[in-house]
Amino acid sequence: MSGNRIESVNDFVVKFANVNGSGSASANELFAKAILRMGVPVSPRNIFPSNIQGLPTWYEVRVSEAGWLGRRGGIDMMVAMNPQTWDADVREVEPGGYLFYDSTKPLPPGALRSDITVIGMPVTAICNATYEDPRQRTLFKNIMVLGALSVLMDIDPTVIEKLFGEQYKGKERLLESNVRALHAGRGFAKDHLQPPHHAGIGLKVRRADAVGDKIFVEGNAAAALGCVYGGATVCAWYPITPSSSVAEAFASYCKKYRHDGATGQANYAIVQAEDEIASIGMVTGAGWNGARAFTATSGPGVSLMTEFIGLAYFAEIPVTIIDVQRGGPSTGMPTRTQQGDLISSAYASHGDTKHVMLLPQDPAECFEFSAAALDLADRLQTPVFVMTDLDIGMNQRLCKPFEWDEARAYDRGKVMSAEELEAGKDFGRYKDVDGDGIPWRTLPGTHPSKGSYFTRGTTRNAYAIYSEAGPDYLYNVQRLLKKFATAATLAPQPEVRAAAKKTRLGVIYFGSTAPAMDEALTALAAEGIHLDALRLKAFPFPNSVAEFIANHDHVFVVEQNRDAQMRTLLVNELEIDPAWLIKVLHFDGTPITARFITEAITKHVHALAVAPRRERIVS
Amino acid sequence: MTFIAKPKLHHPTLTRNKVGYTRRDYEGKVSTLCAGCGHDSISAAIIQACWEMDIQPHRVAKLSGIGCSSKTPDYFLGASHGFNTVHGRMPSVLTGAALANRELLYLGVSGDGDSASIGIGQFAHAMRRGVRMVYIVENNGVYGLTKGQFSATADKGSKSKKGVVNPDNPVDLIGLALQLGATYVARGFSGDKAQLVPLIKGAIGHGGAAFIDVISPCVAFNNHAGSTRSYDYVRDHNEAVARIDFIDLAAELQAAPAPGEVLELPQADGSTMRLRKLHEGYDATDRRAAMNLVHQLAAEGEIATGLLYVDPQAVDLHAALNTVAKPLNTLGAAELCPGAEALSRINAGLR
């Protein structure tokens with residue numbers, strides 16, 4: 001290999017191909033964090049199977065001083081440690097790229113490509129010679145590779161040592177053995193993988209100042225912390241990938257921050273329920289009884305919960321659901337990402353139902369929106385979804401630090417007190433007294449003789465008395481629509497960014513598409529394609545979304561599902577002519593890339609240039 | 001007619017209990033169930049028990065699922081909040097409500113379709129978690145609202161009103177509750193209020209998951225010859241094993257019973273339950289003995305009733321979760337929000 005080697009500083013993609021359960025995850029994370037500590041943004045992504053041990057798993061790290069955090073597509077260097085996936089892994093490397101592999105056993109020459117640089121290191125042989133314990137032989141393999149990579153890429157070893165120090169605080173023996181393995185790897189690389197012995201690689205990390213005060217965290221942990229700060233006291237859940245770590249992180253944050261100093265007792269209750277139906281049932285019961293409660297789940301869980309979601313909608317009970325979306329339908333792709341639950345969540349349950357959804361773009365917003373969801377659920381007395389996904393939820397993402405305003409008070413909504421009841425305030429549980437469609441409620445046990453009512457899924461009059469009379473039913477369901485309109489004004493508002501030049505093109509996107517979209521907008525602008533961009537933060541849509549669409553001739557809707565679910569919601573809720581909204585859809589289970597968006601939009605724009613847009617029919 | 005108002009005029013000489021309420025204060029709306037329905041007798045027993053136990057009606061939360069039995073919470077304790085949830089899912093809603101506020105009395109009313117068929121999973125898990133509640137199944141072996149289909153508790157070989165013989169084995173909720181760790185397990189009969197009221201009172205005073213299976217004949221669809229849930233059949237096959245004399249909340253024994261006949265059971269909250277043995281050699285605090293006796297009597301074609309098992313020192317889900325004494329729904333930001341300073345430390349740990 002000579003000539004067209006990829007040469008890049010602080011801008012490349014490395015992918016680690018491993019076997020799951022082999023201890024590679026922590027070494028991979030160290031690699032990403034070391035680069036981050038050198039001031040260079042990284043965005044790692046776990047690509048993993050639904051399995052505990054023995055199947056292929058990958059860790060893709062994008063290094064980008066420019067701060068692009070979306071998945072780029074294409075691999076500049078493959079660290080191929082898994083023979084099972086060898087052929088596909090080798091094929092994936094970009095021409096001019098690099099392949100690092102364990103050369104303990106010689107590979108047939110045909111197995112390698114001539115257009116890439118190959119770096120062999122007999123990792124297994126070195127480990128077997130250094131360690132007796134089979135477990136250490138496996139674990140330290142990963143650290144030795146990290147050592148070699150640090151030499152090849154100019155990653156500062158003292159940064160890695162510092163990370164070891166933080167990780168193994170108080171476990172000096174482990175710390176020391178890790179440092180030793182790191183330097184063993186570095187020693188081999190210096191002696192064998194650098195000139196004059198070897199050409200080395202062209203991918204380098206150089207200290208920069210592009211990270212600032214940003215934090216590096218998984219969306220699921222952020223959402224859990226948002227629930228802690230937002231005042232959730234009841235969490236009922238059932239394990240399901242990719243959402244389980246929300247409840248687990250909630251438990252560990254609660255353990256630290258939610259025990260009474262004097263008694264040691266818990267200011268929270270977490271129940272691992274028998275299924276998703278029971279989870280949402282418990283959340284509904286707790287919400288009915290005035291506790292802030294949430295569940296975390298994924299698409300199949302939402303499917304199971306739909307009956308209860310309808311009850312909570314109609315009986316008007318605060319419920320917060322964190323839906324970490326994965327690939328559907330059915331069991332689908334449980335360990336891959338998608339934005340596939342939009343319609344099933346927005347309209348969950350039978351009859352006419354509509355639900356509020358918040359659409360966080362990163363962990364910072366997972367934190368913010370989870371806390372906001374608890375407020376909104378109480379204010380609106382209805383289910384509120386936080387629609388995150390596997391890409392945000394289970395990957396560490398660089399984002400702005402969490403913020404909390406000390407002056408912020410929980411919005412517990414319209415709860416009538418014993419004093420108000422005693423003073424003779426009229427209580428009609430389902431009566432719209434404030435004109436916003438939101439009625440007042442009372443909590444069980446409030447007053448000896450006033451304010452009790454019977455909650456039911458059947459229809460009733462404004463005073464909660466069972467009634468199937470048409471006018472009573474209409475009053476209720478039309479008031480619910482009014483409440484939904486109120487929700488559009490209370491939920492986070494969309495973020496609009498104007499293009500550098502005046503344009504008739506717009507793009508609407510949301511959630512985990514954001515980082516790829518940011519990058520694509522820049523790339524498109526460089527090609528002369530300018531788009532105004534609107535990032536949705538919630539459903540229902542406020543008027544500004546309809547205005548944005550009306551102000552553009554063509555609006556792309558970029559999303560990660562097959563059926564253009566967000567576009568359907570836009571068409572349906574805003575009564576938009578479907579021809580106005582152009583689908584840009586990515587749904588193979590991998591996170592959407594800037595390359596994909598740029599290519600799709602460019603193609604459409606070129607097609608639009610030759611074919612005039614179908615005129616909208618104005619009635 | 002969907003709603004019948006009851007007259008509010010009360011007789012001035014009605015007896016008041018210790019908390020100042022008359023029995024009428026524990027009533028609800030007029031029942032819309034069939035005349036003679038066993039469920040109405042159970043509602044009357046609940047009213048009686050709550051009045052006698054000096055429970056303030058508004059400190060009770062009554063929850064139910066779907067079905068005839070689940071309609072009944074509207075017919076008692078009109079000053080309590082009620083929640084008619086979804087079919088078979090009352091236990092989870094009750095669990096969540098109980099987590100939110102540990103100070104109220106949670107009364108779950110369900111039926112055999114609701115608890116033994118669609119809701120058998122939630123029934124089982126609420127029992128094993130030890131949610132503090134009074135869980136009453138109004139068991140008639142039949143789906144009434146949908147006009148007489150067999151339920152999962154109908155005995156094998158019993159005959160429906162239309163003459164169909166049930167080919168399936170019955171679900172025994174008592175057996176399940178015992179096996180799953182319920183700490184108060186009783187069976188009553190809606191036709192025997194003298195037995196049922198003390199059973200409900202015992203459940204109200206209990207510190208954990210209390211389950212009462214009440215055989216409650218369906219006069220419309222399951223009260224004929226060949227049914228094993230008819231008034232006549234249950235009266236002929238009722239074998240009471242232990243009777244609760246009374247629950248003494250004052251923790252002071254008023255009368256000295258004859259030794260050997262009555263068991264005095266101090267409960268976790270300091271009160272005392274007195275249990276009169278009706279079956280020779282039967283120990284209602286022995287879970288295994290209870291399981292054996294229930295099965296033995298069933299094999300003999302008898303229905304064991306009375307208090308079958310009690311763990312007088314039972315604790316509940318809140319104890320297992322070590323939650324604060326204050327109801328969770330009363331906690332504010334001061335107790336719940338770690339604050340901006342803690343957050344900046346969390347941020348620092350994520351760099």
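Modeller: Two strands pair if DSSP finds at least two bridges between them, and the strands (E, at least two residues) and helices (H or I, at least four) are DSSP runs numbered from the N terminus. This is a predicted model, in which local features need pLDDT of at least 70 and side-chain atom pairs count only at pLDDT 80 or more, while totals for chains, interfaces and linings use all residues. Residues are numbered from 1 along each chain as its sequence is written, with chains lettered from A and ligands numbered from 1 in the order in which they are written.

Biologist: Which strand of chain B is joined to strand 17 of chain A, and how many bridges join them?

Modeller: Strands of a sheet pair through backbone hydrogen bonds, either parallel or antiparallel. Here strand 17 of chain A and strand 2 (residues 81–84) of chain B run parallel and are joined by three bridges, and A:Arg456 has B:Asn84 as its bridge partner.

Biologist: How many residues does each chain give to the contact, and which element of chain A gives the most?

Modeller: Residues are in contact if their C-beta atoms, placed from the backbone, lie within 7 Å. Chain A brings 58 residues to this contact and chain B brings 49. On the side of chain A, the elements giving two or more residues are strand 9 (215–218), helix 7 (219–229), strand 10 (234–237), helix 9 (276–288), helix 10 (299–315) and strand 17 (454–456), and helix 9 gives the most, with nine residues. That side of chain A has 34 nonpolar residues (Ala, Val, Leu, Ile, Met, Phe, Trp, Tyr, Cys and Pro), seven charged ones (Asp, Glu, Lys and Arg) and 17 polar ones, which are the others, Gly among them.

Biologist: In what order do the seven strands of the open sheet in chain A stand?

Modeller: Their order is 11-10-12-13-15-14-21, and the pairing is mixed. Strand 11 and strand 21 (538–539) of chain A each have a single partner strand, so one side of each is left without a neighbour in the sheet. Within the sheet, strand 13 of chain A runs parallel to strand 15 (residues 383–389) of chain A, joined to it by seven bridges, and A:Ile322 stands opposite A:Val386 of strand 15.

Biologist: Which strands of chain A does helix 7 of chain A lie across?

Modeller: Angles run from 0 to 180 degrees between N-to-C directions, and axes are lines fitted to C-alpha atoms, for helices over the stretch in contact. Helix 7 of chain A lies across strand 12, strand 13 and strand 15 of chain A, at about 155° to strand 15. Its axis also comes within 7 Å of that of helix 12 (residues 363–380) of chain A, crossing at roughly 35°, and the residues of this contact are twelve nonpolar, three polar and one charged.

Biologist: Which residues of helix 8 of chain A are buried?

Modeller: A residue is buried if 20 or more other C-beta atoms, placed from the backbone, lie within 10 Å of its own, exposed if 12 or fewer, and partly exposed in between. In helix 8 (residues 244–257) of chain A, the buried residues include A:Val246, A:Phe250 and A:Tyr253, and the cover over the buried residues includes helix 7 and strand 13 (319–325) of chain A.

Biologist: What is the strand order of the open sheet of five strands in chain A?

Modeller: The order is 18-20-19-22-23, again with mixed pairing, and strand 18 (495–497) and strand 23 (581–585) of chain A are its edge strands. Five bridges join strand 19 (residues 505–510) of chain A to strand 20 (residues 532–536) of chain A, which run parallel.

How values were computed
Two residues are in contact if their C-beta atoms, placed from the backbone, lie within 7 Å. The expected span of a helix is 1.5 Å times one less than its number of residues.
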